[in-house]
Amino acid sequence: MAIEFTKYHGLGNDFILVDNRASSLPVVTPDQAIKLCDRHFGIGADGVIFALPGENGADYTMRIFNSDGSEPEMCGNGIRCLGRFIADLEGESRHKDSYRIHTLAGVITPQLMADGQVKVDMGLPRLLAGEIPTNLGTAETKVINQPLEVAGKTWEVTCVSMGNPHCITFVSDVAAISLETIGPKFEHHPAFPQRINTEFIQVVSRDYVKMRVWERGAGITLACGTGACAALVAGVLTGNCDAIATVELPGGCLQIEWSEIDQRVYMTGPAQRVFTGQL
């Protein structure tokens, strides 16, 4: 059976999008996703995203397999790409300006902006150790500037869940971090029973930070939407950032707001179609 796909990227964080509306189960297996994501022998991507029928009143359901075959709860850049993909599937005359999308992290709502950007209500950040999850504190405590020893060095880390787990540490120079060496050691640290996404943040000013990320299941990526959201929340919690800031990633910038009105996190950034094809 031929499967049509479209390649999208959000700031270089790239995905294979599949129209999966005819089935409630992904039409590609995790093992097949690994092969499709291979940048030498496959299409090349950080993950495969499926647009499935909606659940519990949502317009659509999102499933995603990482490039290593694992399944994350959510993906910030990915859901912006999915919102744009759905609009392209529905066509210019029929598509809506926003969609309620069911994910393993809850219902997320991307909104298509007139300037081509996609703004996403990412929901409430989860801050308790038991919600991350991490054993760096008791289940009902927040993990803010807690010491964590990784690779013989003690790091001060703050943990935030945006439906998926993040460990954030503030450094003087993100370019000096050897991500390929330190990233896997954070990801698989025993402090994080479900593994962890790890963000290294350099504060340029209170409303502008630089970020590099090691993503759980994908490794080094050019951008991570949930990571940028978690980083801003961590910046506010540690007194490093304002509640609205630009997060500069290797692939470009995201605008992040932790609303003082409703306490929800809002992410705005691009989602661009690259090409279409058939498997």
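**Figure 1. What covers the buried residues of helix α1 includes the strands β2, β3 (47-53) and β4 (60-66).** The model shown here and in the views that follow is a predicted one. Helix α1 spans residues 30-37, and its buried residues are A33, L36 and C37. An α-helix has 3.6 residues a turn, so residues three or four places apart point the same way. The face of α1 turned away from its buried side carries D31 and K35, both of them exposed.

**Figure 2. The largest pocket holds about 170 Å³ of space.** Its lining is made up of I3, E4, F5, T6, V18, D19, F85, L89, T276 and G277. Four elements, namely β1 (4-10), β2 (13-19), α2 (76-90) and β17 (272-278), each supply at least two residues of this lining, and the largest share, 3 residues, comes from β1.

**Figure 3. The structure holds 1 cavity of 30 Å³ or more.** The volume of the largest cavity is about 100 Å³. Lining the largest cavity are 15 residues, and those that lie nearest its centre are N66, P72, M74, C75 and E215. Strands β2 and β4 each supply at least two residues of the lining of the largest cavity. The residues around the largest cavity comprise 7 nonpolar, 5 polar and 3 charged ones.

**Figure 4. The count of disulfides in the model comes to 0.** A disulfide is counted where two cysteine sulfur atoms lie within 2.5 Å of each other. For C81, the closest cysteine sulfur is in C75, and because the two sulfurs are 7.8 Å apart they are too far for a bond. C81 is buried, with a relative accessible area of 0%. For C159, the closest cysteine sulfur is in C167, at 4.6 Å, and this distance is likewise too far for a bond. C159 also counts as buried, at 2% relative accessibility.

**Figure 5. The peptide bond from I132 to P133 is cis.** The omega angle of this bond is near -5°, and P133 lies in the loop between β7 (118-123) and β8 (146-150). Most residues other than glycine have a negative phi, and most peptide bonds are trans. The loop between β7 and β8 is also where N145 is found, and the phi of N145, a residue other than glycine, is positive, near 55°. With a relative accessible area of 33%, N145 is partly exposed.

**Figure 6. A151 has a positive phi of about 55°, although it is not a glycine.** This residue has its place in the loop between β8 and β9 (153-161). Its relative accessibility is 51%, and A151 therefore counts as exposed, the cut-off for an exposed residue being over 50%.

Notes:
Residues numbered from 1 in each chain as written. Predicted model: local features only at pLDDT ≥ 70, side-chain atom pairs only at ≥ 80, totals over all residues. Heavy atoms only, no water. 1 Å grid on protein atoms, 1.4 Å probe; cavity = no way out; pocket = protein on both sides within 12 Å on 5 of 7 lines; lining within 4 Å. Points joined across faces, edges and corners; volume = space filled by probe spheres on them. Buried < 20%, exposed > 50% of the residue type's maximum accessible area, 1.4 Å probe, protein only. Contact = heavy atoms within 4.5 Å. Nonpolar A, V, L, I, M, F, W, Y, C, P; charged D, E, K, R; others polar.
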